[in-house]
Amino acid sequence: TIEIVQKPPELNGHKSDPLGTGSTVWPAAELLVEICPRHVKGKRVLELGSGTGLLGIVAAASGASAVTLTDLPSIIGLLKSNVARNSFVQHFGCAVKVAPLVWNETDVEPFVTAGFDLVVCADVVYQQTHTEALLPTLVDLLRGCPDAKLLIAQERHEPVAWGTLKAGLRKAGLSSQEVVQSGGRIEVLLFYWPVDGSVAAPEQGEKRESDTAGPPAKRRNAIAPGSGAFTDAVAAALSV
């Protein structure tokens, strides 16, 4: 049995999470816990915004070959505590690591070098500033490991922030499919580079950022806040 310790939200957290929401298990994580076992077997899993670590620990117990849990430095203590509390999952042959990762600040190259097959995120966007930080981080990670996929579940707290993230990932050239029908308040999507390695075609009249086929690994931060692509992503979200 997996046991998870949560903490009440604190007002002295990181600027990106001043209420300390990362120390609580939210509904999107609970839903993804039910879904993730059929996606993680034999895969190296990287979780962003791990919070209590529940999702990553379940992934480890469900057949993942390796799991890396990441979050803000202020959350790392709770993460390590919950991993230690559930150390039995590593007896299944899955190595579980914990590392700090501040979106759009931490260098993602060590994670790319270590390698991963699946990025998972649950309920990580509830204001526009989260999207501004998370989007370039996800794009850099997925360009670094172009065979990897992103499994993300999000409750519709702030439709524009969530819509901007989805539009930005698609603007970067990623395809997506619905894992759970979005009739409810939680949406679950799987993002991946197209099988043929092609970059998404620009709209009529739009200049293509690159004519090179395949995930453009060298075009770092093309979706960074303030860039034209990010502005387009915001506009796309607002038009939905």
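I began at Val45, which stands opposite Leu118 in S4. The model I am reading is predicted. Strand S1 (residues 44-47) pairs with S4 in the parallel sense, over three bridges.

I then traced the whole sheet. It is open, has seven strands and runs in the order S3-S2-S1-S4-S5-S7-S6, with mixed pairing. Strand S3 (95-100) and strand S6 (175-180) are the edges, each pairing on one side only.

Next I looked up the nonpolar cores. The largest has 36 residues, and Leu32, Val40, Leu55, Val67, Val96, Leu151 and Val188 have the most contacts inside it. Elements giving two or more residues to this core include helix H1 (27-35), helix H3 (54-61) and strand S5 (149-155). H3 gives the most, six residues. I listed the contacts of Val40 beyond four places in sequence: Val45, Ala59, Ser62, Gly63, Ala64 and Leu118. Another core, of 33 residues, lies apart from the largest one; Ala99, Phe111, Ala133 and Phe191 are among its residues.

Last, I checked helix H7. H7 lies across S5, S6 and S7, at about 15° to S7. Does its length fit, or what span should I expect for residues 159-171? At 1.5 Å a residue, the 13 residues should span 18 Å, and the end C-alpha atoms are 18 Å apart, which agrees. Glu158 caps the N-terminal end of H7, with a side-chain oxygen 2.8 Å from the backbone nitrogen of Val160. Buried residues of H7 include Trp162, Leu165 and Lys166. Just after H7, I found Gly173 with a positive phi of about 110°.

Methods:
Residues numbered from 1 in each chain as written. Predicted model: local features only at pLDDT ≥ 70, side-chain atom pairs only at ≥ 80, totals over all residues. Heavy atoms only, no water. Helix = DSSP H or I, 4+ residues; strand = E, 2+ residues; numbered from the N terminus. Expected span 1.5 Å × (residues − 1). Buried < 20%, exposed > 50% of the residue type's maximum accessible area, 1.4 Å probe, protein only. Polar contact = N/O pair within 3.5 Å; in protein donor to acceptor, adjacent residues only side chain to side chain. Core = buried A, V, L, I, M, F, W, Y, C linked by side-chain atoms within 4.5 Å. Contact = heavy atoms within 4.5 Å. Pairing = 2+ DSSP bridges. Axes fitted to C-alpha atoms, helices over the stretch in contact; angles between N-to-C directions.
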